[in-house]
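Here's a quick briefing to read alongside the sequence and the 3D view. Keep both open and follow along topic by topic.

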Amino acid sequence: MRWQQWAILNRAFERLGRGIARSGPSLEDDWISGEALDAIFIDLPGAGQGADCWACHVAVAENIPIASLPDYWCFDPQLPPVRLRKGRAPHAVAQSTVRVQRLSGEGEQGTATCLVRDKLNANRNYVITCAHVAAPDKQSAYRDEFALSFSGKSFSAYLCEWAPVLGGKEDSIAPIDAALLELDASALSELRVQLSAQDMPAGVDSECAFNKSVVLHSLRGEIAGALRNRWSGKVFLADGDKFPDYFLRDAIGYLASDQTLPGDSGAAIWTADQRLLGMHVAAIESGEAWGANAVMGPISPVLDWYNVKPYTRFDPATITEADRPLASLRLSNPPAGSGISQQIDYATELGVLAKTIWGEARNQGRKGMEAVACVMANRKNARRGNCDTFFSVCRAYRQFSCWNEGDPNRRKLDLIESAPDAEYRLAMEIAADVLAGRQQDFTFGAQYYLTRAASRTTDWARGHTPCFEWGDHLFYNDVR
């Protein structure tokens, strides 16, 4: 495939992805919506010169006539139209084996991808697996317990971070499907003793090309495969209903030589030279006609999202100063009397609090940022929703919109630590004052706030009077 043509297809793919990830039709093309299309893909570079490699493949929903979609799509008047190859396609079904087992809830099972270290706190180590394995519903919570099994031994791990958030009222749009399961020091030491050099990847790879050879490390053994296309689409959990659970963007479709099975979700995908490339997310049943029968999530976006570094056979995830861009902004120990739960260290509390302040109020000036921080402190002090740490306050489900999947602020939050701006440095300063008990509440005990514009359409604000106002925000202390 010529690179110029693939670049055009790539732009069309991204435009389509943004359109069908949201509900409701596009203003410019009413057929571009999540109701009309289930998935899209384009062949990876190097696919050859066949007619299909010049097309954007679209999987049309069952209730939509295929003929109602155009044969060509002119998404940019400055570029030639893109050919659409239309048809019905089987759904991508997530496959949640014994290696990673959830002990609470329904007891989902999956496979570990790799062992990683936190770049911002070298004392914290995690196992990566799929989020739909670790947190498949809205009951999932920080510190849910898991059992990891390897070489006949079992190790305890605890849910720490995950994306997307599943089981909510709104559809989740996800650039990754990955979760971090934290290991304590003893579990890490014992697991590392059990892992041989051959169990660890030789490094990390991020290059994806058509027909690139890969190996899926299933618990049943190695399964050969080949990369085929760039894929975005709806993913269905094996929960018995016919409704998609989330929309996965920017994944890779690959052709596995053997059928993948439930329990393979999270399984590592290595290249021919044994470098970690991705993680298995879902199967596309009978998808060979579409070029791929499985979906891989690339590993590089996951590592970047969580700011973690993988253990390899040549490196025990050594953290250098280059890996810790905010080391100078973090304090090594919590201030005396901070009252932070021992289960959550100071760096984590400081980071999540600063991110939330920045994400919610960076355009409100110092006073406005401090006011939002006061709300978080008031919620923690009141143990609202049984939250007794700033982590649990800030990450409570859909309480602060900057953490919501699909919110424009969410991706910015995950990138800000690597390139902090002046407002984020100010947020770090305010967060440190809050944790040290130096920030006095001046919002009269407010535990809620919203923008002036939102106050006219938000149900819970009706009948309530703001107790404090600053900038674009109204604060409330009478909401129960």
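## Helix over sheet

Helix α3 (residues 185-194) lies across β8, β9, β10 (145-150), β11 (153-163) and β13 (178-183), and runs at about 115 degrees to β11. Axes here are lines fitted to C-alpha atoms, for helices over the stretch in contact, with angles from 0 to 180 degrees between N-to-C directions. Helices (H or I, at least four residues) and strands (E, at least two) are DSSP runs, numbered from the N terminus.

A word on where this comes from: it's a predicted model, where local features need pLDDT of at least 70, side-chain atom pairs count only at pLDDT 80 or more, and totals for chains, interfaces and linings use all residues. Residues are numbered from 1 along each chain as its sequence is written, and side-chain values use heavy atoms, with hydrogens and water left out.

**The eight-strand sheet**

- The order in this open sheet of eight strands is β7-β6-β10-β11-β13-β9-β8-β21, and the pairing is antiparallel. Two strands pair if DSSP finds at least two bridges between them.
- At the edges stand β7 (109-110) and β21 (308-310), each with a single partner strand, so one side of each is left without a neighbour in the sheet.
- Strand β8 (residues 114-118) runs antiparallel to strand β9 (residues 125-129), joined by four bridges. L115 has V127 of β9 as its bridge partner.

**Strand β16 and its partners**

- How much of β16 is buried? Strand β16 (residues 221-236) is mostly covered, with 13 of its 16 residues buried. Buried means under 20% relative accessible area, exposed over 50%, and partly exposed in between (1.4 Å probe, protein chains only).
- Strand β1 (residues 37-43) pairs with β16 in the antiparallel sense over five bridges, and D43 sits opposite N229 in β16.
- Strand β15 (residues 213-218) is also antiparallel to β16, with six bridges joining them. H217 stands opposite E222 in β16, and a hairpin links β15 to β16 through two residues.
- Strand β17 (residues 246-256) pairs with β16 over nine bridges, again in the antiparallel sense. Look for G233 with its bridge partner L248 in β17.

**The three-strand sheet**

- Three strands make an open sheet in the order β22-β24-β23, with antiparallel pairing.
- β22 (448-451) and β23 (468-470) are at the edges with a single partner strand each, so one side of each is left without a neighbour in the sheet.
- From one strand to the next, the twist averages 20 degrees.
- Four bridges pair β22 with strand β24 (residues 473-476) in the antiparallel sense, and T451 has H473 of β24 as its bridge partner.

**Helix pairs**

- Two packed helices are described by the angle between their axes and the distance between the axes.
- Helix α5 (residues 346-361) and helix α8 (residues 408-416) have axes that come within 10 Å and cross at roughly 135 degrees. That makes α5 oblique to α8; angles under 35 degrees count as roughly parallel, over 145 as roughly antiparallel, 65 to 115 as roughly perpendicular and the rest as oblique.
- The α5 and α8 crossing is right-handed. A crossing is right-handed if the near helix is turned clockwise from the far one by less than a right angle, and left-handed if anticlockwise.
- K355, W358 and G359 of α5 make the contact with N409, K412, L413, D414 and I416 of α8, where contact means heavy atoms within 4.5 Å.
- By class, the α5 contact with α8 has three nonpolar, two polar and three charged residues. Ala, Val, Leu, Ile, Met, Phe, Trp, Tyr, Cys and Pro count as nonpolar, Asp, Glu, Lys and Arg as charged, and the others, Gly among them, as polar.
- Helix α6 (residues 365-382) packs against helix α9 (residues 422-435) at an angle of about 40 degrees, with the axes 10 Å apart. α6 and α9 are therefore oblique to each other, and their crossing is right-handed.
- The α6 side of that contact is R366, M369, E370, A373 and A377, while α9 brings E423, L426, A427, E429, I430, D433 and V434. By class, the contact of α6 with α9 has seven nonpolar, no polar and five charged residues.

**Two loop residues**

- D315 lies in the loop between β21 and α5 and touches K309 and P310, not counting residues up to four places away in sequence.
- S206 is in the loop between β14 (203-204) and β15, and counts as partly exposed at 47% relative accessibility.
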